[in-house]
Every structure is written in C-alpha cells, then in structure tokens.
Amino acid sequence: MENISGTVNKAIDVLEIFLQKEGEFRLTELASLTGMDKSTTYRLASTLVKRRFLRQPKKNGKYSLGLKRVECSFAIRRNLKFIDLAYLYLGKLNASRNAAVNLTILDEDKSLVIEEIGISSAGLPMDTPVAKRLPLHATACGKVLLASMSEQERKAFYSRNELKAFSRATITGVFELETELARINNTGVAFDLEEYKPGQRAIAAPVFEKNGRVAAAASLVVPSGCSSKAELNSLAEAIKNCVRELSQAIRQQG
C-alpha cells in the first residue's frame, strides 16, 4: 500500500508542475523540477498522457496539460453550483463599477481564485489568475474567509502559518489581525489597502450558502491612485449589495 501511495504522490507531483507553472516542459525539466530521476518521471508522465491529464503531441517532445483538465473544471463547477450565478452577478458589477472582480474560496490555508472578470478602464490588469492561491491574512477576500472561521479554527491557522509581510501595510500581528477580523464580521466588508501588492486595493464581502455558511468571498480590485476614501466606501456598498443579491439567488437555487 505504501508503494502505491508513493507512486500516486509522485504522479501528482508531476501534474502539479503544470498547475503551478505556465508552459510546456521537457522530460529533463520535469525530472529536475520534481527531484525524480528521468526513468521514473518518464513512466509517470507517460501514464498521465494515457489518462489525458497531460499531452505530448510529438514523441520525445515537450509535455503540456491535457484536455482532462476541462472535464475536471466542469466537475468542479457541478459541485460548486454557485459559480455560474456568481459570474452573472459579478459580471454586472464589473460593468457598472468599471473595476476588476474576482471570486475566491478557502483552500486549506489559502484563498483560491476560482473566477475573475475584467480589467478596469484605468488599466489595472488582473494578475491573480484563476487557480492562484493567495494568502488569507494579506488580501481582502482572504480576510473575509478568515473572519468566517471559528476562533478555534483561526488559532489552528495561526499555529500553522506565519503572517508574512508582503508590503509595509501587511498586518503581521495576531492581535491586530483579530481586531480587523472582528471589524469585518461587524461591517460585512473587508479591505486590502495595498497589504498584498503596492498600488492595488481591494474590497471584499462574503457570499453565503443556503445553510448560512460562507461559501466564497467576492472582491472588487482597483488601483490605489484611483480610490479615495469616498470611492472605497462607494465600492464597499456596491460589493455588499452584489453579494447580498447573489446569496439570495443561491438560496433560491434548486
């Protein structure tokens, strides 16, 4: 059983190279990135090609992600039924507020981006691609997800994770972060004021499931130079109204 589990883990290590990095890779590159010998890497990659998780159009050529990922994507959307609804409501918000929008869910100790929409006319590109995992304590969506946890769950999170500084504005103290999370639970909205990336601000609010639990967090992302305090407050009301309508639609969903 240990050998089977070890083989599965090694195959996943190969597959995760393609999930973490863009582009195509030669066998020698995969072996180097995974730390495995070429023969083992070849056997694993060949199996993944046969199962359509990877592609290798030319013999002895580079490997790339296979079309099986499309089936996986549809399977995820079937399980997370609110994604299609979220895209509809967040798309309207993106158009009305001229701001980039993303949707994230909790993935272990990270915030996982599962949907993103648009670019603002101010030229702010979305450089947090879908499936990117972001820190909870330094992002608006992440703080919403942290605030939704129980006190015991957060204590366990703090024991496992360092509150790393990504900018001078990042909150790195547990007491300060807990104070911020209490404010988020009280107001229903979280801010990232250049805490994760200088020059970028975000405003997020929770999306609720039918049972009242937080299913995801949605945020508007804007350049810091185009967001006065009044504008941030206006965007906060906009995202709160959007997720309120979205959460109601989720409750009504069959």
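1. Leaving aside residues up to four places away in sequence, Glu195 touches His137, Ala138, Lys143, Phe166, Ser167, Ala169, Thr170 and Ile171. The model is predicted.

2. Glu195 sits in the loop between β6 (190-193) and β7. Its relative accessible area is 6%, and because buried means under 20%, Glu195 counts as buried. The Glu195 side chain comes to 3.3 Å from the backbone nitrogen of Leu193.

3. The largest cavity holds about 120 Å³ of space. Its lining consists of 14 residues, and those nearest the centre are Asn102, Leu134, Thr139, Ala202 and Ser219.

4. Several elements contribute to that lining: β3 (100-107), α6 (140-147), β7 (200-208) and β8 (214-223) supply at least two residues each. By class, the lining of the largest cavity has six nonpolar residues, seven polar and one charged.

5. On open space, the second largest pocket has a volume of about 230 Å³. Ile105, Leu106, Leu145, Ser148, Met149, Glu153, Arg213, Val214 and Ala215 line this pocket. At least two of the lining residues come from β3, and at least two from β8. The lining of the second largest pocket divides into six nonpolar residues, one polar and two charged.

Technical notes. Residues numbered from 1 in each chain as written. Predicted model: local features only at pLDDT ≥ 70, side-chain atom pairs only at ≥ 80, totals over all residues. Heavy atoms only, no water. 1 Å grid on protein atoms, 1.4 Å probe; cavity = no way out; pocket = protein on both sides within 12 Å on 5 of 7 lines; lining within 4 Å. Points joined across faces, edges and corners; volume = space filled by probe spheres on them. Helix = DSSP H or I, 4+ residues; strand = E, 2+ residues; numbered from the N terminus. Nonpolar A, V, L, I, M, F, W, Y, C, P; charged D, E, K, R; others polar. Buried < 20%, exposed > 50% of the residue type's maximum accessible area, 1.4 Å probe, protein only. Polar contact = N/O pair within 3.5 Å; in protein donor to acceptor, adjacent residues only side chain to side chain. Contact = heavy atoms within 4.5 Å.
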